[in-house]
Amino acid sequence: MKRVLPLVLAAITVVLIVMAWFESGGVERHVLRSAATPEQATRLMLSQIQTHNFDAAYARLANRNDLDKNTFIHEFTGSYGSLLTISALEGFDVGVLHASDQEATVRARLHYATGVGPLDDTRDLTVQRTGDTWKVVWPVDTTAKLPPQVIPVNYLRWDVISRGSGDDWGAQNVDSPQVRIVSMNAIQRPDSVVVLGEVVNEDSVPAYVNVGATLLGPNDEELAQESSFDKIAHTLLPRQVSPYRIDFPNMRLEKIKNVRMEAKALLIAASADPVIAIDQQKLETDRLGRKVLSGKLTNQSGQIVSIPHVIAAYYDSNGKVIWVSDGYVAQALLPQMPVPFAVDLPPDVAKNVQTYRVIVNHFELTT
Amino acid sequence: MLMGREDTTVHTSYFSRPIPLRLILLLALAVHGPLLAMQLPLTNSYDANFHVFFASHYAHHWFDPWNPKWFAGFSQTTYPPLAHQWIALLSYVFGLHMAYLLVQLAGVLLIPVGVYRFAQLWVSERAASYASLFSVFVGAMVFLVYFAGQLPTTLSAPLYLLALPYFYDWSRTSDFRGLLKGVVLVLAAGAVHHVTLIFGSLLFAIPVLWLAVIDRGEERNAVAVLIRAGIFAGLAAAGLGIVLLPYWIQIIRHPIEQMPIPHASRSNLLLNFTYLTNYFFVPYGMLIVAFPFMAWYAAARRRLRPLLLGFWLTLIFGLGGTTPLPKWVLGRSFEILTFERFTLWAALMVMPLVGVLAERAIDRYGRKAVMGFATAALITLLLPMGWMAVTPFSPNANINVDAVDAFLSRDGHDKYRYLTLGFGNALPKVSTYTDANSVDGEYNSARLLPEFTHYGTAQLTSAKYFGTNGMEALRMMLRHASHYGLKYIFIRDPYYEPLISFAGWRKVESYDSGTITVWSKEDVPPARPIPSDAMPTALEGLLWGTLPLASSILAILLALLIPDRARARTEVLLPFPEREMQGALVREVR
């Protein structure tokens, strides 16, 4: 007993550790290192990126000669204050689309956690066999770089002179700008009631706008209160229109007697710059089979736009807003460089869409 | 020179006598006093500010445990109050920070006393004194005091250690004084920390009960020992049921059903070297080297086997998800607990074995062994101190939040609720010194708002570290800003600025050269109370404000007024030196 006990305890400890090792994927990680299949090679590389082991991930690329390491790293960590600079690769799904003895195509769906919420990125990657292992060919961006140039800027800007540094922003002795909700539509979705429409700044000064809605029951009691949150362009220049969407999760339309809408506006300093053009807009089905509105954003100014936010309003044949969708673009908008975007919309809505209108909201990350 | 028999020389060296407890306490004061005087826990730890925040509430509202400052209102009866109430009490004289440090000092000084008393059950007086001495240097203690800021864990553990000898005495010899003092100490310890009460007390008590059965002697029945232990446990349970009644009411009414929040101590430490360092190498230090020797030694001695098994089990629990055992035993509780405290318990539990190992080594190797153990103790102490400087886990507890409190205190800004983002563990610092209320908070078990409980995230101020879950919880809270009167957001990490901006807040002020920015949303109405069925009744408030503190005062009075009976253990007999049959060769003095 006296000499057996420590051995028994040590043995039990080892057995428990081995069991946990299996349970927590230690063995799987070990197998992954061999990169013996296209899927394993992709998983290995992405798991290394997930743990910020970029050197190891880069070392596993088949096309290192064509791709600079920093460029590869920036594919995941972003640049110019883009959304990817405030993100982390949280997970990924990998599936082989087709494979031969020497080459395979693998679809990787990357799930990022970002500063504005989750972001998914789908990449179809070529994986090549090199001896006993497989290596990923990371796509090389062949977009031509712009030469140095001068971009003349000619835009409107509104400044506001406040009462003093001790004043609260928003507690000003001026009238609020005139804004008006020009349309409102309440629709039932499978898991929620959605209130959507458009709001216009009718004033001659910029306005900072928030739209809120309160659902009222049969006895005018408040059922729920929500705001447009990030599904609106809060800064509206004179005469500018923004779509808005307010979601009420777990709510049924038949329980609602009325909706109380409220648009609050505040005078702010604003600028028409940067001007972002939206080109090649089209409704299509993407490679995952989803209905999307896609297009390209081009920053026509000389400043970098760090985080663009696309908001799209969809109209039926009567010109009524039937859906509003939005999405954040992972890349920063460099001057004059087109960047693709796509925002999805429900298939049942897509079939009723006659026209659409896209606006771009943006945020400049200062650090 | 003696020949043919063991050494029976009466030693007079310092190394062969027990070290007086007074000296050990002085050493503990010399080691930890300056570290506490530097306010390390308050500036460098995760939880110290949290405990100060709780204490601050008691200082202002002793009999009202409903605290509106976090989570739009929560009940402090979800956390045993004794440590916080002592801080609150002392704060009337010393201020909150000094009071915190004094209570923590009490915990730090009680550790060697508790270990000494606990070790006396298992090993000789001298080995017990060594155990007590080494407990001053335990890395897990340093880690929990100065890095984790777990005041209640580090205060309740020695109280349990002090209670265990009484539990042993009562169970073995029906010593009524043991029953009385032991139960009162358990009440005080339970009133300090619930997790130690529910999990730690069992891990410590079962080996001691086993020892009491072994030591009962031929004249006593093992069943009687067990029955007496049951009586002790029953009385302690009944007492804790009363002393912590509001806590039990709260737990029964609102069991913790929120989504599990990830914690590194629950992961498989072998898959991440940083976690392994943080939760194994740093807290145990040089103890790791001694584990095999202690196991070998203890397994060979019947009386030490319960201690060895108790230590092994606690060690396994302290490894979190490195083995499946904690998950099997704890079930859903595994997802709620953090496991660094098990490491402290394991380290304290093994101290008697360290003491006896040191005793034998010093007997055999003299000064060399002393030097070796001293070096090992120093390394064990310094390892966590060094780790604090290089660890990638940074509590951010030392942020200057004066500007935030000043903003909230002026122009009626405290009519609205606020949120901090990127403030890490400085959030309680903000909350302590402002009248404004926040929707966020740092105590996960007290949260009842669906914006928190539906997502696996801890405090919103650190939302980004919880990935999509954290950011979704934050989005949900921001969406309900009007409902909660959430108007002001303080940002200390530009990571959060895009979301706040797109969601309709505007930057209004900045402090510390733009390090902290204030954002405001103009259409938010003033905050109104959020109805909650978790609000304690006035009677619960009265019980909460009196019984826990009373239990500690009673424990102190009993310790001072009723002396302990000397413990007699039949097994430890010193052999009287036999008469020398063979003449010793003595050189004549010239």
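Helices here are DSSP runs of H or I of at least four residues, and strands are runs of E of at least two, both numbered from the N terminus.

**Figure 1. Welcome to chain B, with its 26 helices and seven strands.** Before we zoom in, please keep in mind that this is a predicted model. The radius of gyration of chain B is 26 Å, close to the 25 Å from the globule rule for 590 residues, so chain B is as compact as a globular protein of that length. Its C-alpha trace spans about 100 × 50 × 45 Å along the principal axes. Of the 590 residues in chain B, 55% are buried. Among contacts in chain B with a separation of 6 or more, 78% join residues 24 or more positions apart.

**Figure 2. Where domain 1 of chain B touches domain 2 of chain B.** Chain B is split into domain 1, covering 18–393, and domain 2, covering 402–520. The C-alpha centres of these two domains of chain B are 34 Å apart. At the contact, 22 residues of domain 1 of chain B meet 29 residues of domain 2 of chain B. On the domain 1 side, α3 (48–60) and β2 (74–75) of chain B each provide at least two residues. Helix α3(B) gives the largest share of that side, with five residues.

**Figure 3. A look at chain A, with six helices and 19 strands.** The radius of gyration of chain A is 26 Å, whereas a compact globule of 367 residues would have one near 21 Å. The C-alpha trace of chain A spans about 85 × 60 × 50 Å along its principal axes. Buried residues account for 32% of the 367 residues in chain A. For contacts in chain A with a separation of 6 or more, 64% come from residues 24 or more positions apart.

**Figure 4. The meeting place of chain A and chain B.** Here 43 residues from chain A and 39 residues from chain B take part in the contact. Elements that give two or more residues to the chain A side include α1 (4–23), β1 (87–99), β3 (117–130) and β19 (355–363) of chain A. Look for α1(A) in particular: with ten residues, this helix makes the largest contribution to the side of chain A that touches chain B. The chain A side as a whole divides into 20 nonpolar, 15 polar and eight charged residues.

Conventions
Residues are numbered from 1 along each chain as its sequence is written. Chains are lettered from A and ligands numbered from 1 in the order in which they are written. This is a predicted model: local features need pLDDT of at least 70, side-chain atom pairs count only at pLDDT 80 or more; totals for chains, interfaces and linings use all residues. The radius of gyration is taken over C-alpha atoms; the globule rule is 2.2 Å times the number of residues to the power 0.38. A residue is buried if 20 or more other C-beta atoms lie within 10 Å of its own, exposed if 12 or fewer, and partly exposed in between; C-beta atoms are placed from the backbone. Two residues are in contact if their C-beta atoms, placed from the backbone, lie within 7 Å. Domain bounds come from an automatic or database domain assignment. Ala, Val, Leu, Ile, Met, Phe, Trp, Tyr, Cys and Pro count as nonpolar, Asp, Glu, Lys and Arg as charged, and the others, Gly among them, as polar.
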